[in-house]
Amino acid sequence: MKKLGSLFRDLTKDFRFTIAFVILLALLFLAILSFFSPYHPQRMYQVPRGRPPSWEHPLGTNWLGQDVFWQLTFAVRNSLLIAVITSLISRIIAIFVGMVAGYRGGLVDRILMIIGDTTMVLPSLVVLIVVSTILREWVRHLTNLGLLLAFFSWAWDARVIRSQILSLREREFTFVAILSGMRTTKLVLKQYLPHVLPVILTTLINNMSWAIGMEITLAYLGLGIDPTVPTIGTMLQTAIYRQALFLRLWWWLLTPIITSILLFIALYWLSVVVSEYLDPRTRFQRIGLR
Amino acid sequence: MEKLIEVTNLTKIFSIGTLLFKDKFAAVEEVSFYIRPAEIFTLAGESGCGKTTTAKIILGFEEQTEGEIFFEEKSMASWKRKSAEFLQKVQAVFQNPFESFNPLRTVDDIFLETVYNFQMAQDKNRATELIDDKLKAVGLSFQEIYGRYPSELSGGQLQRASIARALITNPSLLVADEPVSMVDASLRMSIVNLFTKLRDTMKLSILYITHDLATAYYLSDRIAIMFRGNIVEMGPSEEVLMKPKHPYTQLLRDSIPEADPHKKWKGKIAVFDSEYEEYLREGCKFAGRCPVVMEKCKKEIPREVLVDGILVKCHQYSGKVK
């Protein structure tokens, strides 16, 4: 616990971390707030439509008679949920594949890497569009979209983890660990995982922002999850589809745009700060030391 | 038991090059030796002569191409490698003390791991006692390593700790792969002395791998000189190093500078063939550097012959003794 405290203090020395942390905390607060919403997220005409921001409706209401603020709380929650599902599942696949391929080597490695490379060279956006068009009904659920996105994001990290394991395997402490009677699973998890963890952590954050971006892209094209379920993507899509600008309901359109910009900045800075913290060499590069 | 471990005709072939231009060379070629219980046996030779590969094959980290190893008169095939039973009897110390411990885990972690994996102790108190015992034998204590990361200890401390870790299971064979080449001169002596003490008190056999003839002479009972995958001379270390028979051993011995101010360094610097060429050479692999090279050496591989109880692999002797 003390260690965590000092880690946090170290990180807050970088203003980017502080900003990112505050933004993420605020968004997390919004996501939690959604559980106390007075309105149903999907039902329409619950409030007067097209009202500008006021005390009663902090971010106004939209043309469908929904309160934009409370819609946003649901949207943030659902978008974060997709991001977490995608990144966690793809990380689990990546760790498993990378470690097995790296430590086992041989034919297993060859097969796993061929599968990984294949998913890597596929143009993911095109395939995602095609797949979500074909599996329209299946992709409408949050978790299913998360799984689909996870399938396209494990390969790169599996490769990185594999190459790390390949180099760790030849180091003397591996031989010492084998001589101390460690079983393979234990050896990989206890001796190698700490070395691989920094990579996993930074790519996890990057993957989260990729997943959110992908969800927005798909929703904008009218694909992806059920458009009545609020996510940042579907909020944007509905606002554009219902001609929010033409109706002069700028708060309806601007809310998801600004939220997504803030979210991307926060996640990007967080990943940069974390990777700089874990690899001091990049920190030296930034301040111009050699 | 006469021979603790016996290695017969051990050969390891690596292939180099791409698919079309593949060349095979033997990193270890028909190496045979044995180690008696409570004996220090040295494998000496220059870098790239196959001594570490031999050690790795014995430890089971590499698979031999040909040849067999008998441990306690049982073939290695019948020992399950990496089984607790085998690892309990054969342990190893490596060259670089900073590499022998995982930099992201504390040093005591791997000690406790060893104790629990081999079921040497059930609870933590017994385990620490046992570890402390072994660390005391190398001049350390559990307090000194507890909760420390490898970067917080000195190279000498780490090397002694890694010896102590190898001793936890009370092995009968310790493979020491250049254990003193990374520590300073004073520590080198104390580690070398520790090895002789372990041989005398614990009846431990040591396969000592080195390129440093001084410690080899001081420490070992018997010695084998390796060159490009072959053992060129093998016998009691006193005999081999004081009265070298093979031209390579003579060359090695002559290259140790003597501490005499009146003696000028008069080594002839010859241009050597590359390592690669030497490995692929027909006939005696030393022919390119040998001062007494004969026509025969370039064509025929010399046989191993016994000269005054010393095994020599050289054409100079193959004619004289049957």
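**View 1. Four strands of chain B form an open sheet in the order β2-β1-β4-β5, with antiparallel pairing.** This is a predicted model, in which local features need pLDDT of at least 70 and side-chain atom pairs count only at pLDDT 80 or more, while totals for chains, interfaces and linings use all residues. Residues are numbered from 1 along each chain as its sequence is written, and chains are lettered from A and ligands numbered from 1 in the order in which they are written. At the edges of the sheet you will find β2 (23-35) and β5 (74-75) of chain B, each pairing on one side only. Strands here are DSSP runs of E with at least two residues, helices are runs of H or I with at least four, and both are numbered from the N terminus. Two strands pair if DSSP finds at least two bridges between them.

**View 2. Strand β1 (residues 5-16) of chain B runs antiparallel to β2(B).** Nine bridges join the two strands. To find your bearings, look for I13(B), whose bridge partner in β2(B) is A26(B).

**View 3. Strand β6(B) is covered on both faces.** V90(B) and A92(B) lie on one side, Q91(B) and V93(B) on the other, and all four are buried. Buried means that 20 or more other C-beta atoms, placed from the backbone, lie within 10 Å of the residue's own. In a regular strand the side chains alternate between the two faces of the sheet. β6(B) also pairs in the parallel sense with β7 (residues 173-177) of chain B, over four bridges. Within β7(B), V175(B) is the bridge partner of A92(B).

**View 4. Chain B meets chain A through 20 of its residues, which are in contact with 14 residues of chain A.** Contact means that C-beta atoms, placed from the backbone, lie within 7 Å. On the chain B side, α2 (84-89), β6 (90-93) and α3 (107-117) each give two or more residues. The largest share, four residues, comes from α3(B). For the model, ipTM is 0.83 and pTM is 0.79.

**View 5. Stepping back, chain B has twelve helices and twelve strands.** Its C-alpha trace spans about 70 × 55 × 45 Å along the principal axes. Of the 322 residues in chain B, 40% are buried.

Conventions:
Contact = placed C-beta atoms within 7 Å. Buried ≥ 20, exposed ≤ 12 C-beta atoms within 10 Å, placed from the backbone.
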